[in-house]
Amino acid sequence: MRKEDLVVGDTIYEEDDSEYSSSPSLSSPPISLHSTASSWSLFTGQEVDVFIYVQGKCFHLHKDVLTTKSSYLKRQLRALSRITLPLNITAETFTLVANFCYGIDFALSPFNVVALRTAAELLGMTETKSKAGENLKQITETYFRRVIAGSLEVKQIVVRSCLRLLPEAETTAFLLSRCIEALDWVGHDEEMDGIVDDVLNLDAEEFEIVADAMNCRFTSHDLLYRMVDLYIQQHKGKIGEEQKMEICNFIDFEKLSPHLLLHVVQNPKLPLRFIVRVMLNEQQKSRRKLVAATTSDPDNTATTVNSILHRDAASKLKEEMSSTGSRIQYLEHELDKMKKLSEEIRKEKSIMREDGKIEKGERGISKRAHENRANRAKKSIRMRLISKLKSALCFSK
């Protein structure tokens, strides 16, 4: 009988080992897994010879079976007979992986495809093929593509499967970015809201991993910008300016549509540094267009309609660049004024602390009043800055 003809129910045999069995967290996989390894040993003459520890479960398997399908396990088991998987793989997922290694059919579903696709990547199951002619990565990838093209309900299941595996598995973030890309953003119904809320409820570290994956995958960053804008809005008061800036840095504003560039410089939720960077980038683009337009006709001989259009465009761009430069200079002046005001406030606070003549009760009242005035002043300056940023937008219209 050939090994390929071996048919068993389940495929993993578990056996406690003295080094690990004392741990109260160890639990045993189903008893039927014993018959799988026993049947394999019976028909091949090979004894089970390796221990694989996965999240408190000990799997006693055949080394040759595993190493022919997984490059990761081949490296790890080269000189060892027992290893613990330091990966984001559950015992349930590893059971299905072992099924594949033993050539046993298993059921893929929207609930397990992400975990198996991620495990295939982590375990290096990308080369050796199964009886069906595909490796585990190919099998799970094909199924994954099919389910994310399905109904919104199925997509939601897949998205939530991705979220459970964050942040450890980078492959999962890549899969999640593909799910987001596959969503129908036009039909924004209640189920769609549920998927968006699931993503927006990530903590900042996890959201940055997803944003990074979207940055690498998407050729247009319009969707990424919308997600970032919604995330910052939902987490208002929970994340600081530095975290906002880190998240915004995943947006390549060169890949934004013109109407969203307009939205960026008018968006008061975004960090001022990011807005100014976008404006400066647009000014540089205008300068490059101006240079290109003026050098296209060095003799300044507008003898054709095309050259006339180039000359008119160059003149218009020059005016826009000059206007934008003036606005940016004004913004820099406003920022300098805000810094000076902050320094004055700091000095006044220092003087108040040194003034021993103020009564204790009066000191508290004066200090609170002064801080309130300072806060109002800062808020006023910020609103003026936002207003000037909006006015500076005229160059991109």
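**Figure 1. Strand β2 and its pairing with strand β1.** In this predicted model, strand β2 (residues 57–61) is largely enclosed by the rest of the structure, because four of its five residues are buried. Its partner is strand β1 (residues 50–54), with which β2 pairs in the antiparallel sense over five bridges. Within this pairing, Phe 51 stands opposite His 60 of β2. Two residues lie between the strands of this hairpin, and Gln 55 in the turn has a positive phi of about 50 degrees.

**Figure 2. Packing of helix α6 against helix α7.** Helix α6 (residues 113–122) packs with helix α7 (residues 136–148) at an angle of about 145 degrees, and the two axes are 9 Å apart. The crossing is left-handed. From α6, the contact includes Val 113, Val 114, Leu 116, Arg 117, Ala 120 and Glu 121; among the residues they meet in α7 are Leu 136, Tyr 143, Phe 144 and Val 147. By class, the residues of this contact comprise eight nonpolar, one polar and four charged.

**Figure 3. The salt bridge between Glu 121 and Lys 137.** The closest N and O atoms of Glu 121 and Lys 137 are 3.6 Å apart, and the two residues form a salt bridge. Because Glu 121 belongs to helix α6 and Lys 137 to helix α7, the pair ties together parts that are 16 residues apart in sequence. Glu 121 is partly exposed, with a relative accessible area of 30%; Lys 137 is also partly exposed, at 27%.

Figure 4. Ser 177 is found in helix α9 (residues 170–182) and is buried, with a relative accessible area of 0%. Beyond its neighbours up to four places away in sequence, Ser 177 touches Ala 213, Met 214, Arg 217 and Phe 218. The side chain of Arg 217 also meets that of Glu 181 in a salt bridge, at 2.8 Å from N to O. This pair links helix α11 (residues 204–217), which holds Arg 217, to helix α9, which holds Glu 181, across 36 residues. Arg 217 is partly exposed, with a relative accessible area of 33%, and Glu 181 is partly exposed at 39%.

Figure 5. Glu 241 forms a salt bridge with Lys 244, with the closest N and O atoms 3.5 Å apart. The two residues are three apart in helix α13 (residues 241–248), so about one helical turn separates them. Glu 241 is partly exposed, with a relative accessible area of 41%, whereas Lys 244 is buried, at 11%. Elsewhere, salt bridges that share partners join Arg 117, Glu 121, Lys 137, Glu 141, Arg 145 and Arg 178 into one network. The count for the model comes to ten salt bridges.

Key. Residues numbered from 1 in each chain as written. Predicted model: local features only at pLDDT ≥ 70, side-chain atom pairs only at ≥ 80, totals over all residues. Heavy atoms only, no water. Buried < 20%, exposed > 50% of the residue type's maximum accessible area, 1.4 Å probe, protein only. Contact = heavy atoms within 4.5 Å. Pairing = 2+ DSSP bridges. Axes fitted to C-alpha atoms, helices over the stretch in contact; angles between N-to-C directions. Left-handed = near helix turned anticlockwise from the far one by under 90°. Nonpolar A, V, L, I, M, F, W, Y, C, P; charged D, E, K, R; others polar. Salt bridge = Lys/Arg side-chain N within 4 Å of Asp/Glu carboxyl O.
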